[in-house]
Amino acid sequence: MRLWLDEHPSPRPKAQRVTGARRIIFGNQKGGVGKTSVSAGVAQALAESGHRTLLIDFDPQGHMTKQLGHPLIEIDSPSLAKHMLGEVKDGALRDLLVPIKGGDFEDHLWLLPACKDAFLLDAKLATSRFVRIKETALEKALEPLEHDFDFIVVDCPPSLGYSMDTAIYYCRTREGEEEDTSGIVIPVLSEDSSADAYDMLEEQIQDLIEDMDIGIAQLGFVVNMYDSRKGYVATSSLEAWQKIGEPPVLAIVPELKDQREAVRVKAPLLAHAPYCEQAEAMRTIARRISG
Ligand SMILES: Nc1ncnc2c1ncn2[C@@H]1O[C@H](COP(=O)(O)OP(=O)(O)OP(=O)(O)O)[C@@H](O)[C@H]1O
Ligand SMILES: [Mg+2]
């Protein structure tokens, strides 16, 4: 019997379910580099080309939610953070989604709005008695939605806390998933402090890779608000980003008025100014990460 078992091992435990949703997070703990603008624009571009796309506003500041013209979720109502912490008794996460209308992406783009309760998420994840919740909480909460979407795009907060750990873990290369299908995009500026910020983020990513024995694809940098008139600091920093090579620079987005105007009128960029240079840059990034 023993021999027979040795010769006929049971099939490998089924590899972790690979769902249809590709998971792209936009992260950098440095504030104001364009995580929100670029993640929203890229999600619009993905949806415009027919992908069912879900945008997650994972920043308690709720910039993306407000910029897309939606109210934040009330502090006592069910929210993503409460779902992650197992604090919701009734109702599904799906009930919180709102459609983003306008532009050619209509009917393909949805938003999970932010709630200020996410300010407490790091502390609550830190003290939770559930093992590994710090890493797995986002994945567990979003899993029921994955079948309904081709892409899940996460706008991360400017932090290196546990919220960021759980977001980085969520975009890991799952077993059976092709490399670079999911991963992190890092918006940066062309200046020295952005390079220091990247070193810290890179360290956090490497720590997770080692601790959890996982693969994390860094899909690329987006050098945002680039203005060569700023002189040597801007041009030499851009060269430095390009020289890294892996991850590559996905796009250079100039400092332009359209993004700020779209924010002012609370409209998605690709509906407000669909043919502007910035909208084209968002489509380029979307093509490069979805190709
Ligand atoms: N290419 C651009 N040209 C001009 N303004 C831009 C551009 N990209 C973003 N902005 C503006 O810069 C500001 C910061 O951008 P954004 O909110 O996307 O950064 P963020 O990294 O998400 O910030 P935070 O760390 O606070 O979440 C916003 O007012 C945004 O409208
Ligand atoms: Mg932001």
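Modeller: On a 1 Å grid over the protein atoms alone, a cavity is a set of points where a 1.4 Å probe fits but cannot get out, a pocket is an open set with protein on both sides within 12 Å along at least five of seven lines, and lining residues have an atom within 4 Å of a point. This is a predicted model, in which local features need pLDDT of at least 70 and side-chain atom pairs count only at pLDDT 80 or more, while totals for chains, interfaces and linings use all residues. Residues are numbered from 1 along each chain as its sequence is written, chains are lettered from A and ligands numbered from 1 in the order in which they are written, and side-chain values use heavy atoms, without hydrogens and water.

Biologist: Which elements give two or more residues to the lining of the largest cavity?

Modeller: Helices (H or I, at least four residues) and strands (E, at least two) are DSSP runs, numbered from the N terminus. Here the elements are helix H2 (35-48), helix H3 (63-67) and helix H10 (257-264), and H2 gives the largest share, 4 residues.

Biologist: What is the lining of the largest cavity by class?

Modeller: Ala, Val, Leu, Ile, Met, Phe, Trp, Tyr, Cys and Pro count as nonpolar, Asp, Glu, Lys and Arg as charged, and the others, Gly among them, as polar. The lining of the largest cavity has 8 nonpolar, 5 polar and no charged residues. The second largest cavity, with a volume of about 80 Å³, has 9 nonpolar, 1 polar and 2 charged residues in its lining, to which helix H4 (residues 80-84) gives the most, 3 residues.

Biologist: Where does the largest pocket have its centre, judged by the closest lining residues?

Modeller: The largest pocket contains about 410 Å³ of space, and of its 21 lining residues Gly32, Gly34, Ser37, Gln67 and Met225 are closest to its centre. H2, H3, strand E7 (218-226) and H10 each supply at least two residues of this lining, which has 6 nonpolar, 11 polar and 4 charged residues.

Biologist: What lines the second largest pocket?

Modeller: The second largest pocket holds about 180 Å³ of space, and its lining includes Arg22, Glu179, Asp180 and Arg288. E7 and helix H12 (277-290) each supply at least two residues of that lining, whose residues divide into 4 nonpolar, 3 polar and 5 charged.

Terms used: Points joined across faces, edges and corners; volume = space filled by probe spheres on them.
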